[in-house]
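Please keep the sequence and the model in view while reading.

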Amino acid sequence: MSSGICISWENLNSSVELLNQKINEIDRVYKEMDNLYKELDGTTNTWVGENQKKFYQTYMDLSSKFPKNVEKFKEFYTFLGNVRDSYRNSDSTVKASADDSSDNLMV
């Protein structure tokens with residue numbers, strides 16, 4: 001009886017690893033943005049004033065979510081990796097069990 005699950009190990013592995021790469025890229029971009037916008041935090045002469053304060057506060061409100069986003073993406077990566085490993089292990093167990101059963105049937 002089929003469980004209705006079909007897995008392309010190559011595609012799943014590729015997707016999990018690509019997700020990890022993208023998470024690292026996102027984290028790097030977030031850090032680069034923070035460095036870039038520090039130039040506009042009002043402590044330099046690049047831009048100072050009421051509009052600068054409003055702009056920078058809006059950026060700070062947005063960027064405060066960056067670490068949480070990265071952590072959530074890492075949770076997705078961990079979950080998908082666990083799913084991949086669980087299916088791989090269960091597939092191996094089923095094959096080993098079938099092989100053992102086949103050997104026991106030989107007279």
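## Burial and the model

A residue counts as buried when its relative accessible area is under 20%, as exposed when that area is over 50%, and as partly exposed in between. The model described here is predicted, and the protein averages a pLDDT of 88, with 81% of the residues scoring at least 70.

## Overall layout

The secondary structure comes to three helices and zero strands, which follow one another along the sequence in the pattern α-α-α. Of the 107 residues of the protein, 12% count as buried. Among the contacts with a separation of 6 or more, 67% are accounted for by residues 24 or more positions apart.

For helix α1, the length can be checked against expectation: at 1.5 Å a residue, its 30 residues should span 44 Å, and because its end C-alpha atoms are 44 Å apart, the two values agree. The buried residues of α1 are Leu12, Val16, Ile23 and Tyr30.

## The nonpolar core

The largest nonpolar core has six residues in all, namely Ile23, Tyr30, Tyr56, Tyr59, Phe66 and Val70. To this core α1 (9-38), α2 (50-63) and α3 each supply at least two residues. Val70, one of the core residues, is in contact with Ile23, Ile26, Asp27 and Tyr30, when its neighbours within four places in sequence are left aside.

## Aromatic pairs

The structure holds seven aromatic pairs.

Taken together, ring pairs link Tyr30, Tyr37, Trp47, Phe55, Tyr56, Tyr59 and Phe66 into a cluster. Among the members of the largest nonpolar core are Tyr30, Tyr56, Tyr59 and Phe66, which also take part in this cluster.

## Arg84 in helix α3

Arg84 lies in helix α3, which covers residues 66-105. Is this arginine buried or exposed? Its relative accessible area is 11%, and because this is under 20%, Arg84 counts as buried.

Not counting residues up to four places away in sequence, Arg84 touches Trp9, Leu12, Asn13, Val16 and Glu17. Of these contacts, Leu12 and Val16 are themselves among the buried residues of α1. The side chain of Arg84 also makes a polar contact with the side chain of Asp85, at 3.3 Å.

Ser63 has its place in helix α2, and with a relative accessibility of 7% it counts as buried. The side chain of Ser63 reaches the backbone oxygen of Met60 at 3.4 Å.

Glu39, by contrast, is placed in the loop between α1 and α2. Its relative accessibility is 38%, so Glu39 counts as partly exposed. When residues up to four places away in sequence are not counted, Glu39 touches Thr44 and Thr46.

Definitions and conventions. Residues numbered from 1 in each chain as written. Predicted model: local features only at pLDDT ≥ 70, side-chain atom pairs only at ≥ 80, totals over all residues. Heavy atoms only, no water. Helix = DSSP H or I, 4+ residues; strand = E, 2+ residues; numbered from the N terminus. Buried < 20%, exposed > 50% of the residue type's maximum accessible area, 1.4 Å probe, protein only. Polar contact = N/O pair within 3.5 Å; in protein donor to acceptor, adjacent residues only side chain to side chain. Contact = heavy atoms within 4.5 Å. Core = buried A, V, L, I, M, F, W, Y, C linked by side-chain atoms within 4.5 Å. Phe/Tyr/Trp six-rings, centres within 6.5 Å; stacked < 30°, edge-to-face > 60°. pLDDT = per-residue confidence, 0-100. Expected span 1.5 Å × (residues − 1).
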